[in-house]
Amino acid sequence: MTARIGFIGLGIMGQPMAQNLIKAGYPLAVHARRPDIMKPLVNAGASAYENAQAVAAQSDIIITMVSDTPDVEQVILGDQGVIHGAQADSGVVDRSTISPSATRRLAELLGKKCILLLDAPVSGGEQGAIDGSLSIMVGGKEETFQKVLPVFEVLGKNIVHIGEHGAGQVTKACNQLVIAQTLVAITEAFVLAKVSGVDPAKVREALLGGFASSRVLEAHGQRILDHNFEPGFKARLHQKDMRISMEAAHELGIALSGAALATQQLNALIGEGLGEEDSSALATILEKVSGVTI
């Protein structure tokens with residue numbers, strides 16, 4: 001029997017993921033704060049509902065994809081939240097990027113009603129969501145992971161069960177701090193090249209053939225050269241993710257000095273009013289400080 005899927009949160013990432021589930025033949029129930037966002041999915045065969053509770057009541061697996069920890073808590077625990085509609089033994093898959101400790105609290109509260117939680121944040125941006133090629137990092141019980149794996153396989157290519165509840169969120173925090181620091185490093189390399197009279201595009205081409213190569217250098221390095229900051233992943237969301245990383249470091253009493261520096265660069269970018277741009281736009285902050293245009 002095909003699992004009934006509920007999808008809550010239909011932004012840049014959620015919309016294409018939901019479309020891919022419909023294409024794969026899953027019955028889909030959806031909810032978003034703005035009714036117009038649901039129209040393309042309804043036209044494709046989904047059923048729209050007024051709140052998260054109603055979606056959960058119609059679903060075997062409920063996927064949430066919203067912005068931040070308070071949003072997830074509201075969607076799941078609020079007056080018309082998932083917890084009030086989900087049946088025992090149904091699964092909640094949170095694809096949002098939120099606090100690992102909050103995820104563990106949610107798992108405990110849902111578990112009291114025999115509702116199973118997986119934290120399953122993703123990496124790959126809007127294009128990865130469209131292509132169904134996302135990297136999915138999963139925390140939660142192994143048996144729950146196996147139950148949901150066929151759904152994950154529609155949405156992503158690199159699917160890793162990391163460990164217990166919260167492990168997926170910890171992994172996503174690691175992912176985001178690596179990307180942020182790599183963006184800073186790439187921009188610094190391009191600035192050094194430019195000021196030295198060397199073509200940054202040629203530097204990128206050379207680095208892509210060596211140990212410095214990365215997907216960030218390949219994709220975002222080109223964005224920086226082109227000054228194309230149309231959002232694949234908005235800077236304000238990356239700033240939020242870095243806040244989560246720094247809060248986790250504070251809870252654990254550890255130093256993340258490189259992540260702290262990259263966070264300050266993102267804070268400056270948001271302060272310039274560029275939070276809706278792609279996070280690679282933080283290159284403009286380093287350009288401004290250095291007095292150079294790459």
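A crossing of two helices is left-handed if the near helix is turned anticlockwise from the far one by less than a right angle, and right-handed if clockwise. I kept that beside me while looking through this predicted model, where local features need pLDDT of at least 70, side-chain atom pairs count only at pLDDT 80 or more, and totals for chains, interfaces and linings use all residues. Residues are numbered from 1 along each chain as its sequence is written, and side-chain values use heavy atoms, with hydrogens and water left out.

**Entry one: a helix pair.** I looked up helix α1 (residues 14–23) and helix α2 (residues 35–43), whose axes come within 10 Å and cross at roughly 20°. That makes α1 roughly parallel to α2 (angles under 35 degrees count as such). The crossing of α1 past α2 is right-handed. Gln15, Ala18, Gln19 and Ile22 of α1 meet Ile37, Pro40 and Leu41 of α2 in the contact (heavy atoms within 4.5 Å). By class, I noted five nonpolar, two polar and no charged residues there.

**Entry two: the cores.** A nonpolar core is a set of buried Ala, Val, Leu, Ile, Met, Phe, Trp, Tyr and Cys residues joined through side-chain atoms within 4.5 Å, buried being under 20% relative accessible area with a 1.4 Å probe, protein chains only. The largest one has 33 residues, and Phe7, Leu10, Leu21, Leu28, Val151 and Phe152 have the most contacts inside it. Among the elements supplying at least two residues each are β1 (5–8), β8 (134–139) and α7 (142–155). With six residues, α7 gives the most to this core.

Which residues does Val151 touch, leaving aside its neighbours within four places in sequence? I found Ile5, Leu21, Tyr26, Ile61 and Ile63. A second, separate core of 26 residues includes Leu177, Ile186, Val191 and Ala259.

How values were computed
Axes are lines fitted to C-alpha atoms, for helices over the stretch in contact, and angles run from 0 to 180 degrees between N-to-C directions. Helices (H or I, at least four residues) and strands (E, at least two) are DSSP runs, numbered from the N terminus. Angles under 35 degrees count as roughly parallel, over 145 as roughly antiparallel, 65 to 115 as roughly perpendicular and the rest as oblique. Ala, Val, Leu, Ile, Met, Phe, Trp, Tyr, Cys and Pro count as nonpolar, Asp, Glu, Lys and Arg as charged, and the others, Gly among them, as polar. Buried means under 20% relative accessible area, exposed over 50%, partly exposed in between (1.4 Å probe, protein chains only).
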